[in-house]
Structure formats: C-alpha cells, structure tokens
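Subject: Structure handover and findings

Hello,

Here is the structure we spoke about handing over. My notes on it follow below.

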Amino acid sequence: MQNNNEKGKGMSRRDLLAGMAALPVLGAIGYGLLKQNSLDAQKNEAGLNDIDLAGSVSTPVQVPGKEIRIGIVGCGSRGAYLMKALGFVHPDRVDDWNKRGKDDPYWKQYLDDFRTQENLNVKIVAICDVFEKNAERAIKTGANSHRNGQDGPMGEAPRRYATYHELVAAPDVDAVIIATPDHLHVPVALEAARSNKHIYCEKPLSWTVEETYEIRNVVKNQGIVFQLGHQGRQTESYQVARALVEKNVLGKVSLIEVCTNRNDPNGAWVYDIDPAANEQTIDWEQFIGPAPWHPFSLERFFRWRCWWDYSTGLSGDLFTHEYDAMNQIFNLGIPHSAVASGGIYFYKDGRTVPDVLNMAFEYPNRDLTLLYSASLSSEKNRGKAIMGHDAWLELGENLTVFADPRSTQYKEYFDKGLLEPGKAMFSYVPGQGKVDAITTPTEKYFAGRGLLYTYRDGKALDTTHLHLLEWLNCIRKANGSQPSCNIDRAFEEAITAHLGTISYQQGRRVYWDSDKEQII
Amino acid sequence: MTVGWHFLYEGLVKLTNPAWSSKAYLLDSGGWFSDFFFWIAHHAALLKFVDQFNALGLSLIGLFLVLGIFSRIAAVGGAFLLALYYLSHPPFPGIEYFFPSDGSYFIVNKILVELMALAVIYHLPAENRIGLRRFVLLKKKDDAE
C-alpha cells in the first residue's frame, strides 16, 4: 500500500478514485437495466406484451352430484384410452408402469399423474365389445376403481353385454360412451338417445349423410347431454387463439391451412392383428352392422379405417380434428362448398380410402378458405397456420404469432422498432395463462421451433379427461346446458367432412344449401 | 470488476424478470450429472428455490466484486455457481445440446475461463487496490500508525 499511498498517510485522490471505482460500473449496469425495462414497458404500452388471456382459458371444475353410471360400447384402444381418462385402467398396465417407473422417471411421472388424476365420481357398470379379449380386459379395467396393480383390491366389475342394444337398454346405465368404428357411431347413439342415455361419442359423428340429420333430431328431441369426442376443445392454445382472433391481433384472415402428416404403418391405420382373434372370438355379424356384408376378415376387423365400408377416411378420421379446432376458433360452421382430390398413392394394400387427400372449403360469407392437405407417407411437419393481413399464427399445443412485414396495423410498431417484421411477436406456452412478447433467447429458440417443453414434464392435463369432465358436468347440472362439442357442432363437423368425401369420391365440387340443409 | 459486472447484470436481469426460469436450461443438461439437473427441473418447488437462489447469488456476488468487498467469499460463491453451470453442460465430444453453442469448445469453455478468473481473484484480491476495501485497508494502516 505504501506505493499507492503517495503521502504515506491519509487518503489521496488516487485512493478515492480507486476506492470509488465501482460507482461508474454500477451506474452503467443500472443504465443497462433501465433501458431494457423501459423497452419492455413500451411494448406493454403498445399492447403487445401481457395480453391477459387468463379469462380465455377455461378448465372445467367438477360439478358436485351423484355418481354417474357409465356403459362403454367399443373397448378397443380408444375405448381403453377413454376409460383411463375416466380413471380406470387394467391392473396389468398399472404394474407395467410401476415396473418401468423404477428405471425411467417418465413412467414414474406417468403413473403418478394417472393416480392423482381427479376422481370424476363415475362407475363403469356396463361394457360391450364384439371381440372377446377386449371385453375381458374392459371388465377388469372397469373393476379397477382404486387404480391398483394386480395385487391391489378391486371394485365391482361391470357387466358385459353381448350386444349394444342390451347395454343401452339397461336401466342402471345413466350415460353411454361410444368408441366403436365409424359406421356404428350413429346406430349406437340413436338407440342410446332413444333410451334417454346421455352420450359421449367418438368422432366423427356419422358415417353417412342421412343418419347425420336423424341423430341430430333425436338428440335434440330427447334432451340428453351430448358431447362429440373432439378433446381439442380443451386445448389451451386453441382457446387462446380464439381470443387473439377476437382481439383482431391477426387482422383480416382469408386463408387457413391445416394438415395431417404421418409416416408410419400405425399412423396409416395398418394396426397389428391380435393372435387371439378369430371367428370364434369375434362377433363378426355385429361388427358388420349397417355395412355391406363381407366374409370374415381379420384385416378388415383390425384395420377397419382403411375401408369406406366402416370408415370415413382421412376426411372423417383426421381432418375433423383440424376442422373442429378451427370451428372452435372461428365459429366456421358448414362451408359453402368443397373440392377435393387425392388418391391411394403409397399404401397399395387393398384399402379403398385415399392416403393422400387435399381439400379446399370455401366460406364466401366469411371471406376465407379452409385448406386441408394430408399425407400418410411423410412426416414433414406442416402445422396449422392461420394467415391474417397483419400477422400469421402457427398453432400446435403452443402458439406463435408472427408479425406480417406488410401489416397495416403494425406498421407504426415496425417504424418505432417495437416489432420486427416477419419475426415472432407472441408465443403462448400452455399453463402460463398469458401471452408474453418473446424476450429471452430461450423463448425465441423454443417458440421458433414449436417445441413443447412445458408439456414434457408431464404436468399437462389430459384433454380427453377434461372433455369427459365437461360432459359429466352438464349431466350433473341437469339444466339443459350442453358441452362445447354439442350436437350442433357435431352436425357441422360431420357435414363438412362428408362434403369433402363426396367431392373426392365424385370428382366434382360439392355445395351446401344452408337454407334447405342439403348437399347438392 | 468485469467478472463482477457480468455476474451482477446476469443476476439483476433474472431478478427483474418474474417469468425467468432455469427450467429449459436444466432440461437441456448433458453429461454425467444431467440426472441431478433433470431432477431439479422436474420439482416445481425446488426449481423455484434454485432459481431464486441463483438470481440472488449472482447479484450479490456481482455486487461484492464490483464494490470490492468480501471478494474472496464472492469468488468462492461465484466459482461454485459456475462449477454447477459447467457440470450441467460439460463441453465434451459426444454430448449434444439442444441450445446452440456460441463457439467451439473442448473441455475449456467460457464458463471455465471465468471460473479460473475467480480463482485468480481469490488468490490476488484486486479489492486491495481497487474498490471500497481500499478505504478499509487505509483506515487500518492509519490506525496501525
């Protein structure tokens, strides 16, 4: 110190300067922070940050009431999934998850999530499936009301009915879940509705145009609670997208593009054939139902989605998911016209439904086109895109809005440097309840790639569970209220899908006469 | 002073942004200790604590280094935090990260260099020459005389 302190004692000017060296540094850091904060604040003022969308996202809360007794028609993979969403799985699966969870935190979390999933206060009292093995498993699943493995205590097992006619007539069944192949949705639903059972029906609503009118009338006349199984109604990002569209964030939207991109046999409906299946273990006649007669075929039984005889093809099976998402956001209703093209270009396995399908639906009253394009042989990710004059929105489980460089609404913000043309201006990460302007490099990176890291930790709620809860709530309220995907939305969904299918099959543009409610 | 500046700014940015979380960074961990960092990221309460501890720690360490007080303690604390960052994303061949790196590194990266800088600060505290501690030393010297 002697060297530094020139006078040897007391404080010199050099001491003072060296001692207070931190001051300008702190000043500079303070300036940096203030500058950043004031930029963020400006964005807030511009209304681009913190659009509070908490009110746009609704998570149904269970309505108290008595236990609802449920019958399940169709206990294959989707039926089993629906039972899980109700809180019931086969004890073997619990044991399996438990075993996997010992080495893999993903499965541990999966089992924990299932065990802590809200109890919906329902009992599975009846099941029906035309395949012995599915029915046997469903009985065990329905009995597992305590969510146990094989060692744990079981509850009362549901009764098995040989036919759906008997199941829907059973007096102790309050409500019916339909998870059959497409061609049986309406036949089962009609009988259930006429027996005054509430209905949760898998999508699409119908297999033929004619039955679509009939089921709508019967459901309305009977006054039952009806929910179509488009669980996307519970997807937060769709609800947020709806709020953004209502707030005119995108400007005038004249084109919506939705897609299906799959590239594996399972995605193309080439499912495994169960070795336990044969003519003795499958009630083939009941499976055929209203479909044209065909000799027993394991391929047709397990891969029914590949034949028009039982299926609604890409339009009914996969486009309807996309359509219902957009109907939820835009209240699209039934289009004025549809034109479709495609073919069986990859899976030349004897199927009759196309594996490539392109459809354009016109909404002249709304000044917009809804475009759908599907491939079952490429996984190139083409997400949902809503294209507005001021911004475009890319939608998955999360959501990103990009400012259009030629936007009128945002020109002023571009000029002031508050927005970057063509760059992401909002991202919505499910669970946060608000939209943030993208500020950190982390957010930019994830948002730009549409990655769903908040969903990876297993905290996300199962949308099917929420969709069932919404249906059960309406049943318990018993005040005439209907859930979000009610029979009117279901009717719009089915007719729109049929328009596309008819256009593809007949190779012509097909119109909807909204006054007469007829396809022409 | 520059190390302090870096720590303080990083800390304050995190403290003033309520939405900031280390979750994505932790989930992108690799190498031998990645399970430990995943474990933190998967526990909401623990993650919140770690986030706050980290932001406050960075700010205090930065403040001490800039002011030139307690710089040896700050150097140890800073080295501890940097060691954690280093272990969560060790720059070894064969470990892939989702976030792109801002350069090419093998074993030595910027985190390690900054950690070494803190080691130097620990052994040769600059606060004796620059910063508030100079006043303390002056006072001691005056008193001794």
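The domain bounds used here come from an automatic or database domain assignment. Please keep in mind that this is a predicted model.

Domains

Chain A is divided into domain 1 (13-45), domain 2 (68-234 + 464-492) and domain 3 (236-275 + 296-460 + 501-513). The C-alpha centres of domain 2 of chain A and domain 3 of chain A are 26 Å apart.

Where domains 2 and 3 meet

The size of an interface is often given as the accessible area lost when the parts come together. For domain 2 of chain A and domain 3 of chain A, about 2000 Å² is buried between them, with 52% of it on carbon and sulfur atoms. The contact involves 23 residues of domain 2 of chain A and 27 residues of domain 3 of chain A.

The rule finds 3 salt bridges across the interface of domain 2 of chain A and domain 3 of chain A. It also finds 10 residue pairs in polar contact across the interface of these two domains, both residues of a pair being at pLDDT 80 or more. On the side of domain 2 of chain A that touches domain 3 of chain A, the elements giving two or more residues are α5 (105-116), α9 (209-222) and α18 (487-506) of chain A. The largest share of that side, 3 residues, comes from α18(A). By residue type, the side of domain 2 of chain A that touches domain 3 of chain A divides into 9 nonpolar, 7 polar and 7 charged residues.

Helix α8

Helix α8 (residues 185-194) of chain A is mostly covered, with 8 of its 10 residues buried. Among the buried residues of α8(A) are A:His185, A:Val186, A:Pro187 and A:Leu190. What do the buried residues of α8(A) pack against? They pack against β2 (68-73), α7 (164-169), β5 (175-178), β6 (198-201) and α9 of chain A. Just after α8(A), A:Asn196 has a positive phi of about 60 degrees.

Salt bridges

Side chains of opposite charge can pair when their charged atoms come close. Over all chains, the count by this rule comes to 24 salt bridges. A few of them are described here.

A:Asp274 and A:Lys133 meet through their side chains in a salt bridge, at 2.8 Å from N to O.

A:Arg100 forms a salt bridge with A:Asp96, with the closest N and O atoms 3.0 Å apart. Both A:Arg100 and A:Asp96 lie in helix α4 (residues 91-101) of chain A, 4 residues apart, which is about one turn of the helix. A:Arg100 is partly exposed at a relative accessible area of 39%, and A:Asp96 is partly exposed at 30% relative accessibility.

A:Glu156 and A:Lys123 also meet in a salt bridge between side chains (2.8 Å, N to O). A:Glu156 is in the loop between α6 (132-143) and β4 (159-160) of chain A, and A:Lys123 is in strand β3 (residues 122-128) of chain A, so the pair ties together parts 33 residues apart in sequence. A:Glu156 counts as exposed at 56% relative accessibility, whereas A:Lys123 is partly exposed with a relative accessible area of 26%.

A:Lys252 forms a salt bridge with A:Asp367, the closest N and O atoms being 2.8 Å apart. A:Lys252 lies in the loop between α10 (236-246) and β8 (253-261) of chain A and A:Asp367 in the loop between β10 (356-363) and β11 (368-375) of chain A, so this pair ties together parts 115 residues apart in sequence. A:Lys252 is exposed, at a relative accessible area of 52%, and A:Asp367 is partly exposed, at 43%. Elsewhere, salt bridges that share partners join A:Lys203, A:Arg305 and A:Asp317 into one network.

Regards

Terms used. Residues numbered from 1 in each chain as written. Chains lettered and ligands numbered in written order. Predicted model: local features only at pLDDT ≥ 70, side-chain atom pairs only at ≥ 80, totals over all residues. Heavy atoms only, no water. Contact = heavy atoms within 4.5 Å. Buried area = accessible area lost by both parts, 1.4 Å probe. Salt bridge = Lys/Arg side-chain N within 4 Å of Asp/Glu carboxyl O. Polar contact = N/O pair within 3.5 Å; in protein donor to acceptor, adjacent residues only side chain to side chain. Nonpolar A, V, L, I, M, F, W, Y, C, P; charged D, E, K, R; others polar. Buried < 20%, exposed > 50% of the residue type's maximum accessible area, 1.4 Å probe, protein only.
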